[in-house]
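Q: I've got a new model open on my screen and I'd like to learn how to read it. Could you walk me through it, one feature at a time?

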Amino acid sequence: MDIIQAMISFIIHIDQHLVEIINTFGIWTYVIIFLIIFVETGLVIFPFLPGDSLLFAAGALAVLPGSELNIIILLIVLWVAAVLGDTVNYHIGKKVGTSIPPDSWLGKFINQEKMDKAEAFFNKHGGKTIFIARFMPFIRTFAPFVAGASRMNYRYFLNYNLLGATVWVLLCTMAGYFFGNIPIVKENFSLVVLGIIFISILPMIFSFVKSKMDSKKAK
């Protein structure tokens, strides 16, 4: 419980914690940011790490006078982390996705029946799913894993991995760079972070409501 509370606090107050990290580690902050984004996108068991909010906060801090973060280096580091994370996640899914024990916690979400449905879904909707997933917490972590487990064509996956990482990193980081230090945003950064998270999960909420409504109509 303490770990969960600490993680929630870290995400909500990401700007304050990132300042502490910069003050403590200086230029090594790039490595820490790289690892957070890489793990969040690359390891299916860490979907709760900050993604959008970290990019926004890092962009906001990069514009400050005397900041240890250079916006160009930051964009490159974040982009490489995002691309490599999805790539590793894809290959992990391809390697172990179909051999997950059905009685494990992950097996409840990923099994052969769902893999067959996922494969059909990726064949139909293809790369746009990988692209859109970039902007959705949790889904961002699971999508490349499922793509690999369902044997989505890697070259096709890679194209949308590169495109999604580019748009995601540029949009979230530059939004922080240009708007993160506006007084009203700076004074209410925690609310802004919660707003970013809420907007990110809206597609999941709409999808869930739509599926429920469709199932009721089917009855």
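A: Happy to. Let's start with a term: a nonpolar core is a set of buried Ala, Val, Leu, Ile, Met, Phe, Trp, Tyr and Cys residues joined through side-chain atoms within 4.5 Å. Keep in mind throughout that this is a predicted model.

Q: Which residues touch the most other members in the largest nonpolar core?

A: That core has 32 residues, and Leu18, Ile33, Ile37 and Leu74 touch the most other members. At least two residues of this core come from each of helices H2 (14-25), H3 (29-42), H4 (52-62), H5 (71-96), H9 (154-179) and H11 (189-218). Another core, of seven residues, lies apart from it, with Ala143, Ala147, Met152 and Phe157 among them.

Q: What does Leu74 touch, not counting residues up to four places away in sequence?

A: Leu74 touches Tyr30, Ile33, Ala58, Gly59, Ala62 and Thr173.

Q: Let me zoom out. How many helices and strands does the chain have?

A: Eleven helices and zero strands. Reading from the N terminus, each element is an α in turn: α-α-α-α-α-α-α-α-α-α-α. Of the 219 residues, 42% count as buried. Looking at contacts with a separation of 6 or more, 78% are between residues 24 or more positions apart.

Q: Which residues does the UniProt annotation "transmembrane region" cover?

A: According to the unreviewed UniProt entry, residues 21-49, 55-85, 160-179 and 191-209.

Q: How do I read a pair of packed helices?

A: Two packed helices are described by the angle between their axes and the distance between the axes. The crossing of H5 past H8 is right-handed.

Q: Which residues meet where H5 and H8 pack?

A: From H5 you have Asp86, Asn89, Tyr90, Ile92, Gly93, Lys94 and Val96; from H8, Arg140, Thr141, Pro144, Phe145, Ala147, Gly148 and Ala149. Take Ile92 as one of the H5 residues. With a relative accessible area of 28%, Ile92 is partly exposed. The C-alpha atoms of Ile92 and Gly148 are separated by 7.2 Å, although the two are 56 residues apart along the chain.

Q: Why is H8 described as largely enclosed by the rest of the structure?

A: Count its buried residues, where buried means under 20% relative accessible area. Nine of the eleven residues of H8 are buried, so H8 is largely enclosed by the rest of the structure. The buried ones are Arg140, Thr141, Ala143, Pro144, Phe145, Val146, Ala147, Gly148 and Ala149.

Q: Can we pick one of those? Is Thr141 buried or exposed?

A: Thr141 has 0% relative accessibility, so it counts as buried. Thr141 sits in helix H8, residues 139-149. Leaving aside neighbours within four places in sequence, Thr141 is in contact with Glu40, Thr41, Leu43, Val44, Phe46, Pro47 and Asn89.

Q: What should I look for in the backbone angles?

A: Most residues other than glycine have a negative phi, and most peptide bonds are trans. So go looking for positive values. Phe138 has a phi near 70 degrees, a positive value in a residue other than glycine. Phe138 is in the loop between helix H7 (127-133) and H8, and its relative accessible area of 41% makes it partly exposed. Then there's Arg151, which is not a glycine and yet has a positive phi of about 65 degrees. Arg151 belongs to the loop between H8 and H9 and, at 45% relative accessibility, counts as partly exposed.

Technical notes:
Residues numbered from 1 in each chain as written. Predicted model: local features only at pLDDT ≥ 70, side-chain atom pairs only at ≥ 80, totals over all residues. Heavy atoms only, no water. UniProt positions renumbered as here; feature names shortened; annotations may be inferred. Helix = DSSP H or I, 4+ residues; strand = E, 2+ residues; numbered from the N terminus. Buried < 20%, exposed > 50% of the residue type's maximum accessible area, 1.4 Å probe, protein only. Contact = heavy atoms within 4.5 Å. Left-handed = near helix turned anticlockwise from the far one by under 90°.
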